[in-house]
Amino acid sequence: MNNSLPQVHEQYEALPYPPREPAEERQRLVTTWLDSLAMINHYCFAGEQDFKDRFRVLVAGGGTGDTTIYLAEQLRGTNARIVHLDLSEASIAIARRRAEIRGLDNIQWVQESLLDLPQLDLGQFDYINCSGVLHHLQDPDAGLRSLKQVLAVDGAIGMMVYATYGRTGVYQMQELLRQINADTESMAGRLENAHQLLATLPPTNWFARGEQLFFDHRHGDAGIYDLLLHAQDRSYTVEQLYAWLHDQHGFHIQFSDVGRGRSPYLPQLILAPRQPPFLAKVRQMPLRRQQAIAELIGGTLVMHAFFLTRGSRVAPYGDPACIPFFCHEPITGPELSAIIHRNTATPFIMQHSHTGITVPVDTGRFGKFILKYIDGRRSFEEVFSLVRAEEKFRRSPPNNDTLFGDFAALYEFLNAIERMLLTRRRA
């Protein structure tokens, strides 16, 4: 069973994607955003997963191995197992060599279509990564149904599909190259025409106008072909994803854009520091509509990356047993506390260079004291106890509800950009 065009299979055998040199495994580890165990735990397992007790992972459409290698490294030394599944023999060969160089022995290699998963007798999986795959199928829903059949009841899927509005220029270029290559039969000939076009493209072209949003075509023929010459490529808007994944299949969707988290899906962060009057009305709308509006306002989403779970499984803010910790950022709680202590402005202006966000944040009365004790090991209960022991609060110590309420705005911002997550203590 296969609903992939022959040209798609041919492309990935001739030009494995993403292009990787196995020898580079000796110098660096390529990380994949959705597959950080810290994020998977926070958004998919309520902070309760230890990833050790027979945890099973499927990388469906693993390509040359970025996700597989990253997960295998994080799960090294546990009894967790990973299945790397892909149609391309050439891609699997590269991924296997990367694993061999790293000495990873927790991976099973399967050369099959994800559409055949229910017949492969691979068992059920706690986490499935399917990144950049379904949008290349003739029937993406058939691919999703196949994944659902091997997903454990309380399991999760990390998925990436293309985003419509941010790829406007890409689809203009794809159509342009289809017309230019109408009589060009070879992959080499189509690539040559693409190279010529990229070298002479006028600045008025929509792809040229938005070229800073894309990087694939800067990394060789495999990237150019995948971005601009792919035989089968579709995209989605936020509302289309909700209609498909939530309304039709019952999944809870948790967006997390690479490097930016939920921030591109939140109008108040995209429009910050300006807060136009209409924003108050927008923020009263259902979340899916706010996210759809944010996608249209920002225009920078070229892909949608998200977690899918059967019902919300996000670690709950407001639970004293949860342990807050910093993620994806070389900063500590005491360091951020000191910055807020030195700045007396109200509200405090948070500037984050990677996301490009400058936003006023209410740090509350206790925020800088709470941050001082966040070290990735203490629970909120333990942090709050230390805050109450501060000399200035001993006479009238705040209770947990007061402290959670006071810290909420600061936590919401740090969590929205994926810099603060929650976990739980395990025996």
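Biologist: What makes β9 and β12 a pair of strands?

Modeller: Two strands (DSSP runs of E, at least two residues, numbered from the N terminus) pair if DSSP finds at least two bridges between them. Strand β9 (residues 323-326) and β12 have four bridges, in the antiparallel sense, so they count as paired. Phe 325 stands opposite Leu 421 in β12. This is a predicted model, in which local features need pLDDT of at least 70 and side-chain atom pairs count only at pLDDT 80 or more, while totals for chains, interfaces and linings use all residues. Residues are numbered from 1 along each chain as its sequence is written, and side-chain values use heavy atoms, leaving out hydrogens and water.

Biologist: Which way do the residues of β12 point?

Modeller: Met 420 and Leu 422 point one way from β12 (residues 420-423), Leu 421 and Thr 423 the other way, and all are buried.

Biologist: Why is Cys 44 called buried?

Modeller: Buried means under 20% relative accessible area (exposed is over 50%, partly exposed in between; 1.4 Å probe, protein chains only). Cys 44 has 0%, so it is buried. Cys 130, also at 0% relative accessibility, is therefore buried.
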